[in-house]
Amino acid sequence: MKKLLIYTALFSILILGALGCKKFLTTEVVGDYPDTEFYKTEQQAILAINAAYQPLNFTSTSQNRLWVFGDVASDDAEKGGDPGDQADIDLIDQFNVSPINGNLANEWGTLYEGITRCNIVLARVPPIPMDETMKAGILAQARFLRAWYYFTLVNIFGDVPVILEPKNADQLQIPQTSASVIFESVIEADLKLAMGDLPPSYTGADIGRVTSGAATALLAKAYLFQSKWDSAASTAGTVVSSGQYGLMSLYSQDFSADFKNNKESVFEVQHLSNQVPATGNSLNQWFAPRIDGGYGFNAPTQSFVDEFEITASGVYDPRLDYTVGRDSARWFNGEIFSKTWSPTGYLTRKHQQPFSEIPISLKGDADINYTAIRYADVLLWYAEALNEVGRGSDAIAPVNLVRKRARESYLYDDSLVQFQIDTATHLGKIPTGLLPDIFYTDQATLRGQIQHERRVELGFEFHRYFDIIRWGEAYATKAMSGSPNFNYNTDKYFPIPQGERDTNKALH
């Protein structure tokens, strides 16, 4: 497990002083500090925690393939791109996955890299003489990030080795710990410790760091994924009642570089274009059509498109065209989308920017952030947990908030199909019958509605496959019926990379 080695020469971070408050996460390892000279000052503690955020990003040098496991493995997407390009991704799409698949090693290594960096912060920062409040905040950020990395690991790989302190090479023969134990003893424990030492918000250069709300939200998600419904409901309810977050008035604002770190953002991975070394978002190129200098990966399926509601007069849920490029619809850069650009006939609009913001010369180095947790997601967790504890009448309110925001896109966005102005209000008119509030409280019916709402609200934000699996064998078998090789019992988790098994003989 090479990624788990303690680095004896660690984290001389490029300090982008000229950026001011632009991004604290725009950091790269650019040289060596002997271990005896680092972890001495408050500034070095800050650099070390900054480095612990780095494995989250999607830069051109990143090996983060979360989208492959969250989207391509699911019923929402196919690999896309040209036949033969990124063949290992296609094997995941087809559930023909062997332990030598490169995406497994990339994601495993990325996540354990993050864990290693967090462990080093937690081991080496406490003795540093510095402001105690700042120190506590740095340690809390490390605990959140470690919980995040382990949460992602167990949802992709299931049982994995637990490492909570820096290790030398001769200490890395470590067997797996069960996912259930990791949830309780690592993820929940870290988040509970972190919550009390994190602020509700930041200003200036620190915007984008982990907050108390983010830690509370991730704890709610951890409870949800374990079916601890009472705890999930109360913890998500804490986030909802905090008043710290709200839905943006227009759904598309959540995926625009003009609205980074907005009021709906609970935890957001930061990117910044045109830096040396590169710190921008490469998904802008991975998901774009070749006509725009992209590769066309992560292509939406017809099943995903068909999930969106449509009125009797033919008006679609506006989230469809905010999420998907489809034939003859408006695309970026003044273009009209052509179904010939994708093997499925569709591409995702999320994670992309027009040339007016990012020129083609910087296509793989975009400004757009990745919002890992947003408030709409929390509302739907809250609704799901409430419904599962028999409080359906309370659960419909957060679902209806999400639906209301979606339909009210017609009030503000004149680019939507069949947009009409109301001369009395000077706002748009909401089409008749579009996304009406729901009123039924039958548990099974409401459960299905929440599952539907999560799919259309959060499409192509790398959540879908993990939702499919946690909703159980019956749901997963039906959802994945278009993937004939899929078997819930054997495919709910992906295999541990062969390289790790070759190195760590304690794995079973």
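View 1. Tyr 39 sits in the loop that runs between strand E2 (29-31) and helix H1 (42-53); helices (H or I, at least four residues) and strands (E, at least two) are DSSP runs, numbered from the N terminus. Everything here comes from a predicted model, where local features need pLDDT of at least 70, side-chain atom pairs count only at pLDDT 80 or more, and totals for chains, interfaces and linings use all residues. Residues are numbered from 1 along each chain as its sequence is written, and side-chain values use heavy atoms, with hydrogens and water left out. Tyr 39 isn't a glycine, yet its phi is positive, at about 60 degrees. Tyr 39 counts as buried because its relative accessibility is 6%, where buried means under 20% relative accessible area, exposed over 50%, and partly exposed in between (1.4 Å probe, protein chains only).

View 2. Most residues other than glycine have a negative phi, and most peptide bonds are trans. Phe 95 has a positive phi, near 55 degrees, and is found in the loop between helix H3 (87-93) and helix H4 (102-124). At 7% relative accessibility, Phe 95 is buried. The peptide bond from Val 276 to Pro 277 is cis, its omega being near -5 degrees. Pro 277 belongs to the loop between strand E6 (265-269) and helix H9 (283-286).

**View 3. Helix H13 and its residue Asn 400.** H13 has 16 residues and spans 22 Å from first C-alpha to last, close to the 22 Å expected at 1.5 Å a residue (the expected span is 1.5 Å times one less than the number of residues). Its buried residues include Gly 392, Pro 398, Val 402 and Arg 407, and among the elements covering them are helix H12 (375-388), helix H14 (409-412) and H15. Asn 400 is part of H13 (residues 392-407) and is buried, with 11% relative accessibility. Beyond its neighbours within four places in sequence, Asn 400 is in contact (heavy atoms within 4.5 Å) with Asp 437 and Ile 438. The C-alpha atoms of Asn 400 and Ile 438 are 6.6 Å apart, although 38 residues separate the pair in sequence.

View 4. The whole structure holds 37 salt bridges, each being a side-chain nitrogen of Lys or Arg within 4 Å of a carboxyl oxygen of Asp or Glu. Glu 461 and Lys 350 form one at 2.7 Å, N to O. This pair ties together distant parts of the chain, 111 residues apart: Glu 461 is in the loop between helix H15 (443-457) and helix H16 (464-470), and Lys 350 is in the loop between strand E9 (347-348) and strand E10 (370-374). Both ends are buried: Glu 461 at 2% relative accessibility and Lys 350 at 1%. Glu 461 and Lys 350 also belong to a salt-bridge network whose members include Asp 254, Arg 319, Arg 403 and Glu 457. Elsewhere, Asp 206 and Arg 209 meet at 2.8 Å, N to O; Asp 206 is partly exposed at 32%, whereas Arg 209 is buried at 9%.

**View 5. Phe 267 and the nonpolar cores.** A nonpolar core is a set of buried Ala, Val, Leu, Ile, Met, Phe, Trp, Tyr and Cys residues joined through side-chain atoms within 4.5 Å. The largest has 120 residues, and Phe 267 is one of those touching the most other members, along with Trp 67 and Phe 144, among others. Helix H5 (residues 132-157) is the top contributor, giving 15 residues. A second, separate core has 10 residues, including Phe 255 and Ala 406. Back at Phe 267, the residues it touches include Tyr 53, Trp 148, Val 210 and Ile 373, leaving out those up to four places away in sequence.

View 6. Tyr 251 and Phe 255 make an edge-to-face pair, 5.1 Å centre to centre with 65 degrees between the planes. Tyr 251 is buried at 0% relative accessibility, and Phe 255 is buried at 16%. Arg 326 lies over the face of Tyr 316, 4.7 Å from the ring centre; a charge sits over a ring if NZ of Lys or CZ of Arg is within 6 Å of the ring centre and within 35 degrees of the ring normal. Arg 470 does likewise over Phe 225, at 4.9 Å from the ring centre.

Notes:
Phe/Tyr/Trp six-rings, centres within 6.5 Å; stacked < 30°, edge-to-face > 60°.
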